[in-house]
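These are my notebook entries on one chain. I set down what I looked up, entry by entry.

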Amino acid sequence: MDRSVSFTLDFEDLRTDPSVQEERVGLVTERILDRLRELEIRGTFFCVGELASRYPDLIRRVVADGHELGVHGLHHIPNDLLGPDRFRSDNREAKRLLSELAGKDVTIYRAPQYSLIPTTPWVPEILTELGFLVSSSVLPARSPLYGWPGAPATPFLWPSGLIELPSPVMKFGPLTIPFLGGTYLRLLPAAVRRRGVRKAHSDTVLWSYCHPWEFDPDEKFYVYEHGGWLVSRVGWLNRKHMLKRVEAALRQGVGRPLGERAASLADLPTFDPAQIEVESESGST
Ligand SMILES: [Zn+2]
């Protein structure tokens, strides 16, 4: 099976008070781009539309370096808080902004905080209506924030025809975790990651995810919105080793950008949440 790991980055800015917290996302992302160029790695950059519009030159560099652009919402607000109407208008605008910067149609999407969940089943259909082809927005597990336990852990189609590349997950004690990215990749021993890759189902498309702030040990501490002190502290742990962690995850083989990988998949099963609801209702009577 293909054990290569694709690189993805969520280009976002989590500061709660920009008047006192230094803006470092551009600087840090430039450093990440420098390193990717040295290593000849091409990945997928999921960008918050409003932030991208403030960094047009940086986004043009992302494209010029051969990376793929994706949409990560207009303002990084989870979809359950947006509702369908604002989801549609926000992501139409983000897609327009990013397509203009890319000089081509941007057709891949990632939900802020994996907020494609059982209470936002309208997301895939609206994405298809807006011209998106691929999503990597589902965490098929129970999660302290957002997750869809019971969703397939390997690529599938939504009824609208949108391709979903769910986050790779593994069993870790009583938990199921997205071991290849974010806090998990930054904090857990490398042996956990290696085991996750080894045990992944042969149909899994392996991808890593990270955020600019995770590579920035010099950022001054602040408490995230909705995060609380403890969760925020965890966000500052081991930042100085994140680059090394990501490089190690990619060493056994770098996968192509997600849109390219999705385009080469065939015969995907369809996951229809409405159907599952009907089945479980009729099963219970
Ligand atoms: Zn995000």
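Entry 1. Why is strand β1 (residues 5-11) largely enclosed by the rest of the structure? I found that 7 of the 7 residues of β1 are buried, so the strand is largely enclosed. I call a residue buried if 20 or more other C-beta atoms lie within 10 Å of its own, exposed if 12 or fewer, and partly exposed in between, with C-beta atoms placed from the backbone. Helices (H or I, at least four residues) and strands (E, at least two) are DSSP runs, numbered from the N terminus.

Entry 2. I noted the conventions. The model is predicted: local features need pLDDT of at least 70, side-chain atom pairs count only at pLDDT 80 or more, and totals for chains, interfaces and linings use all residues. Residues are numbered from 1 along each chain as its sequence is written.

Entry 3. I looked up the two faces of β1. In a regular strand the side chains alternate between the two faces of the sheet. Val5, Phe7, Leu9 and Phe11 are buried on one side of β1, and Ser6, Thr8 and Asp10 are buried on the other.

Entry 4. I looked up the neighbours of β1 in the sheet. Two strands pair if DSSP finds at least two bridges between them. Strand β10 (residues 206-210) runs parallel to β1 and is joined to it by 5 bridges; Val5 has Leu206 as its bridge partner there. Strand β2 (residues 44-47) is also parallel to β1, over 4 bridges, and Phe45 in β2 is the partner of Leu9. Between β1 and β2 the chain passes through helix α1 (residues 25-39), in a right-handed β-α-β crossover (clockwise from the first strand over the helix to the second, with the strands pointing away from the viewer).

Entry 5. I turned to helix α9 (residues 242-250), where Met242, Arg245, Val246, Ala249 and Leu250 are buried. These residues fall within an arc of 130° seen down the axis, so they line one face of the helix. The arc is that of the directions from the helix axis to the C-beta atoms. They pack against β1, α6 (182-187), α7 (190-199) and β10.

Entry 6. Which residues of α7 are buried? They are Arg193, Gly196 and Val197.

Entry 7. Buried residues make up 42% of the 285 residues.

Terms used. Contact = placed C-beta atoms within 7 Å.
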